[in-house]
Amino acid sequence: MFPYLPHTQEDRAKLMEGVGITKIDELFTDIPEEVKLDRELDLGQPLSELEIKEKMKELSGKNDNLEEYTSFLGAGVYDHYIPSAIDHILLRSEFYTAYTPYQAETSQGYLQAIFEYQTLICELTGLDVANASMYDGASAIAEAALMSTAVKRRRKEIIISKAVSPESREVLRTYCDAVDLELVEVDYKDGVTDSEQLGELVSEKTAGVIVQNPNFFGQLEDLEEMAEIVHQAGALFTVSADPVSLALLEAPGNLGADIVVGEGQALGNPLNFGGPHLGFLATTKKNMRRIPGRVIGETEDEAGNRGYVMTLQTREQHIRRERATSNICSNQALNALAATVYLTLLGKEGLKEVAKQSAKKAHYAAQKINQLEDYEIVFNGPFFKEFAVKAHKSVEEINEELLTDNIIGGYDLESDYADLENGMLLAFTEKRTKAEIDQLVAQLEGVK
Amino acid sequence: MRKEKDLIFEMSKPGRVAFSLPQDELEEIDLTDEIPAKYLRDEDPELPEVSELEAVRHFTELSTRNHGVDSGFYPLGSCTMKYNAKVNEDVARLAGFTATHPLQDEKMVQGNLELLYQMDQMLSEITGMDRFNMQPAAGAHGELTGLMIMKAYHKQNGNEDKNEIIVPDSAHGTNPASASMVGFKVVEVESNKEGLVDLAALKEVVSDKTAGLMLTNPNTVGLFEEDILEIAELIHDEGGLLYYDGANLNPIMGQVRPGDMGFDVIHLNLHKTFGTPHGGGGPGSGPVGVKEELVKYLPKPLVEKDGAEYYFDYDLPDSIGKVRSYYGNFGVVVKAYAYILALGAEGIKQVSEDSVLNANYLKEQLKEHYALAYDRICKHEFVLSGKKQKKNGVKTLDIAKRLLDFGVHPPTIYFPLIVDEALMIEPTETETVETLDQFIETMIQIAREAEEEPEKVQQAPHNTVVGRLDEATAARKPKLRWKSEK
């Protein structure tokens, strides 16, 4: 007997009678004999619930998790505080055991929540239309690139800044290779995208230009200047943004971005070894019908009651098949719900407070580290919650030392940027205390 | 029943908060000294200002305006809406998993790597493939990945002119969408009267341009493609590859394996077959599996084992690259792993048997009352047609909406496209005889209503929080966000 399988032998007998068979095998006669599996699968004995819990505790216990350490690791995935109420909402099983809201009248809860999510993303990004979520920040960048080529037909080139997360650039590379798009990378200079070089590279062949803000090094880009360069060449400008930063920083939509995407993990989603997280994607009204994925819209029933439905569906794969704007079907709805609850709980003041405290802590740490003899801050421009430090030894060696004091150090920049030798990217969230930062500084100083 | 619900923005009141954060320890730092004004926002985003209780009540009320598997029967065809075991939710929430960062040193996350490694082995065993990668985030993403692999394979073998993907007319919409996204030309092949791929029609479209065939088996009308071995031979003889859309794997687990049927590339939907919740449309997980000769094209990294230690192998020069950041929807993989542990070999096979038994039982009891598209043994699902009822002016959409009044989530409707007024029904193995009988009774009642009082069905739903919604206006005059009246 299995708890997820309800049939008793009597039940099965009744069902078989209803079907008009006497043996279960009769249901599988359509499978060619020569390929039928003639043995039991090698999956082992079923485990009880207690045994599963023990086994999973053992497996997860083989990991060192961030709750046991003081972590300064970010680089795209951030350890912000997650309020308790979020998971209690996510565990409402009317939400998490539902499918995509195809039947609107019995899915009003989810549809409204995602309509609220779209509104929140529009507010943060300064754009008119947001979709119901993408797989993650990296694939959202890839979809923005594809969308740019759909809007700018016959232009087959995408330009991306090297100051965009290496993880995202790798994913974009895979997509561009597969769909035969030219991918050009523009260098950074003093920690930000080299806008002069961008001006030289962008042309009438360019469908879209993609930058990140704050960029991978935590530095702030001059979006307005770049938007102008990109638009002069007639291309679309995509900005990948940290949503938490948008409580403080000017909305990219107000600075000329045509598409704003980003990794939404920081909005109430656990690290989870990289997923499930969510990507967000927003654009202008003008490009609304080119947006990939699901979009929720407001409407009314026959009595005039307000309600919500999936809309603009003629863009989507289940209607348009090979002519769809994207093949995306399942997205990251539950993670988008987490982001919605997070932004509701934090609200106007809370998100600003999270952003401010994270930024202040980063700036405090930068000041302290800058005073150390063996370390220097790599870039001098304004930054948000992350910055790059150049050390006197390899990051691997330093991190090993830090670990002995229960500190997880920063990301090793040299693995992606050969010119940033001994470069470490340190990230700060509101969770780090002044004392922990002082301890980090003391430990760094102690590494000889 | 009818009741509008305020948006969270409409409940907002300046000064209310639902957060509590530690005191700012660094009052002395003034960010305006550090970040020039030109980078800063002039105007705050309009985020809600509510108390914690208001927020919790709001989302709790929204949840009551939603139907999940836990609320009631959910026979949504091709979506495998089975029970989502609660223990899986618990174990996936262990801090040892959730509080691990994807960029931590491999030595610190050996448990995660071990789980990914074992999952690869278990999925390979279940499907008869040689190697899996968990990076794709959903079914369609898995398809995209699989097609990229097929493209890379043909390219490396100097067969770039192989640019056509054959897709049956009964296929999921994602199949042609994924194929064309990767730059393949989509060639549709007709189904025959029995609802299966028409071999003669297939022979006509297969050529030296054929890069591959995408097939769901059992297909979307719930029938096993009996000619699968001939189909495989046909495709392979032309140097093409066979792609398996794993959306419908549930009814054949432990009975037959895609790898043994000749499939070269496969994606699975962990959120269908392996009991992880659909989350209202995601997160899913769409691992991709391949046969030995295609392993080198899989996304990177792969997890390898050296002695007792696990590590990520990025040294894969022929890999298509990354299709998503890091290692996919890891938290979903954790739940699917726990699901397989709970069932073991014996349970997995019982799943397929019971899912097929349930579907055939419903089919046999309902075929008198609704037109049955294909009258033969089905697998996990079957397709009815509402064409009898349509004669009385009752459309399949009406039948679906009437089901809502009985607390049942309707089947998939108007799909597959090859059946007129289609109702695609997949009960799954986790439903009791009593639930199935109740559904049969409800469906019979609706069939009777369609004859005797059609307007009752046409005007449904009657008991939901909103009446039938106007989708046409929503698409014509899109209102896609709330806006402050300020």
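Predicted model: local features only at pLDDT ≥ 70, side-chain atom pairs only at ≥ 80, totals over all residues.

Modeller: In chain B, helix α6 covers residues 139-156 and helix α7 covers residues 174-181; their axes come within 9 Å and cross at roughly 40°. Because of that angle, α6(B) is oblique to α7(B). The crossing in which α6(B) passes α7(B) is right-handed. On the side of α6(B), the contact is formed by B:Gly139, B:Ala140, B:Glu143, B:Leu144 and B:Leu147. The residues that α7(B) brings to this contact are B:Thr174, B:Asn175, B:Ser178, B:Ala179 and B:Met181. Sorted by class, the contact of α6(B) with α7(B) holds five nonpolar, four polar and one charged residues.

For chain A, one may turn to a pair comprising helix α5 (residues 108-125) and helix α11 (residues 333-370), whose axes lie 9 Å apart at an angle of about 65°. The crossing of α5(A) and α11(A) is left-handed. Among the residues making this contact are A:Ile114 and A:Tyr117 of α5(A), together with A:Leu337 and A:Leu343 of α11(A). Nine nonpolar, one polar and one charged residues make up the contact of α5(A) with α11(A).

Chain A also contains a right-handed β-α-β unit, built from β3(A), helix α7 (residues 166-179) and β4(A). Strands β3(A) (residues 157-161) and β4(A) (residues 182-186) run parallel and are joined by five bridges. A:Glu157 has A:Glu182 as its bridge partner in β4(A).

Methods. Residues numbered from 1 in each chain as written. Chains lettered and ligands numbered in written order. Axes fitted to C-alpha atoms, helices over the stretch in contact; angles between N-to-C directions. Helix = DSSP H or I, 4+ residues; strand = E, 2+ residues; numbered from the N terminus. Parallel < 35°, antiparallel > 145°, perpendicular 65-115°, else oblique. Left-handed = near helix turned anticlockwise from the far one by under 90°. Contact = placed C-beta atoms within 7 Å. Nonpolar A, V, L, I, M, F, W, Y, C, P; charged D, E, K, R; others polar. Pairing = 2+ DSSP bridges. Right-handed = clockwise from strand over helix to strand, strands pointing away.
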